[in-house]
Amino acid sequence: MFKNLTRNEILNLFKGSNYIIKHYNKDDIIALEGHPCTSIGLILKGGVDIKRILPGDKVILMSSFSKGNLFGEVITFSDVNVYPATVISNSKSEIMFINKYDFVDFCSTNKEVLISFFNDMTNKIIELNKAVKTVSYLSIRQKISSFLLDEYESQKSNFIKMPTTKTKLAESLGVPRPSLSREFINMKNDNLIDYTNDYVKLIDVDKLKNILIE
C-alpha cells in the first residue's frame, strides 16, 4: 500500500510513531510459523516470501511481498496472534515493525491510508482464497489450469504475463519444479497452451475450464 513511496517518504509519514527497523539478508527467517505475531511489518527495502514448511521438506509458497507492502496485519488484528506460516527474506531486506495500536493511531490521522489499508487487506484475503482453491485440486494439470484461468480473468487476455517465476509457481502450487515443467510441456503438446519464458498463451479456455471438473 506504500509501494509508490520512497523509503524516506514512508519514514516521514510515520514520523512521531513508535517503530523499529530491522535488516535481513537473503533467506534469513523473519518469523517462524507458530510464533507470536505482535506487530505489523512494512517492507522498506527488498521483499519477503510467506511459506508453509510441510513434513518431508515440502514447501508451499503462500505469498510474496515487495517494497511498500505490509505483512502480518491480518494476524495482528485476529483473535489468534500467531504466524500461520514462516516469513523469509527473499533478498537483502529492511523491515519496519510497528505495534498494531501505534498503527491504528497513525491511520486515525491519515484517512486515505486507512482506506488503502482496508483495500489492501481485502485484496490479500481474496488472493489467499484463490491460492487455497488452486492448491486444493488433486492433479498438477488442474492446479496449473486453475492458476492460468485466474490470471486470465485478472489480466483480461489470452496472453498472460507470468506474475512469478516457475520456481515460485511450483512452490505456490505445492508441486516439484520438474513436475511443473513436464506438465507445461504436456499441456503445450495437447494444444491447450503455448508459452515463452515470460508469457503463456491460452489456446483453449473452455478445455482448461473442463479440466477443473474432471
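How many disulfides does the count come to? Zero, by the rule that a disulfide is a pair of cysteine sulfur atoms within 2.5 Å. Here are some notes to read alongside the model.

1. **Ground rules.** This is a predicted model, in which local features need pLDDT of at least 70 and side-chain atom pairs count only at pLDDT 80 or more, while totals for chains, interfaces and linings use all residues. Residues are numbered from 1 along each chain as its sequence is written, and side-chain values use heavy atoms, with hydrogens and water left out.

2. **The cysteines.** C37 counts as buried at 1% relative accessibility, and C107 counts as buried at 4%. For this and later points, buried means under 20% relative accessible area, exposed over 50% and partly exposed in between, using a 1.4 Å probe and protein chains only.

3. **The largest pocket.** About 1,500 Å³ of space lies in the largest pocket. A pocket here is an open set of points on a 1 Å grid over the protein atoms alone, where a 1.4 Å probe fits, with protein on both sides within 12 Å along at least five of seven lines; lining residues have an atom within 4 Å of a point. The volume is the space filled by probe spheres set on the points, which are joined across faces, edges and corners. Its lining has 40 residues, and M62, S63, S64, F65 and E127 lie nearest the centre.

4. **What builds that lining.** Two or more lining residues of the largest pocket come from each of strand 4 (47-54), strand 5 (58-66), strand 6 (70-71), helix 2 (73-76), helix 4 (111-136), helix 5 (140-155) and helix 6 (166-173). Helices (H or I, at least four residues) and strands (E, at least two) are DSSP runs, numbered from the N terminus. Helix 4 gives the most, with nine residues. By class, the lining of the largest pocket has 20 nonpolar, 10 polar and 10 charged residues. In this scheme Ala, Val, Leu, Ile, Met, Phe, Trp, Tyr, Cys and Pro count as nonpolar, Asp, Glu, Lys and Arg as charged, and the others, Gly among them, as polar.

5. **The second largest pocket.** This one holds about 160 Å³ of space. Strand 1 (19-24) and strand 2 (29-31) each supply at least two lining residues, and strand 1 has the largest share, with three. The lining of the second largest pocket divides into eight nonpolar residues, two polar and one charged.

6. **Helix 6 and its surroundings.** Which residues of helix 6 are buried? They are L169, A170, E171 and L173. These buried residues pack against strand 4, strand 5, helix 4, helix 5 and helix 7 (177-189), where contact means heavy atoms within 4.5 Å. After helix 6 comes G174, with a positive phi near 75 degrees.

7. **V59 on strand 5.** V59 is found in strand 5 and counts as partly exposed at 24% relative accessibility. Leaving aside neighbours within four places in sequence, V59 is in contact with K51, R52, I53, E171 and G174.

8. **Aromatic pairs.** A search of the whole structure finds eight aromatic pairs. Rings of Phe, Tyr and Trp (its six-membered ring) pair if their centres lie within 6.5 Å; planes under 30 degrees apart count as stacked, over 60 as edge-to-face and the rest as tilted. F14 and F106 are stacked, because their ring centres are 4.0 Å apart and their planes are at 20 degrees. This pair links distant parts of the chain, 92 residues apart: F14 is in the loop between helix 1 (7-13) and strand 1, and F106 is in helix 3 (residues 100-108). F14 is buried at 1% relative accessibility, as is F106 at 4%.

9. **An edge-to-face pair.** F77 and F117 form an edge-to-face pair, 6.1 Å centre to centre with 65 degrees between the planes. F77 sits in the loop between helix 2 and strand 7 (86-89), and F117 is in helix 4, 40 residues apart. F77 is partly exposed, at 38%, whereas F117 is buried, at 5%. Ring pairs link F2, F14, F77, F103, F106, F117 and F118 into a cluster.
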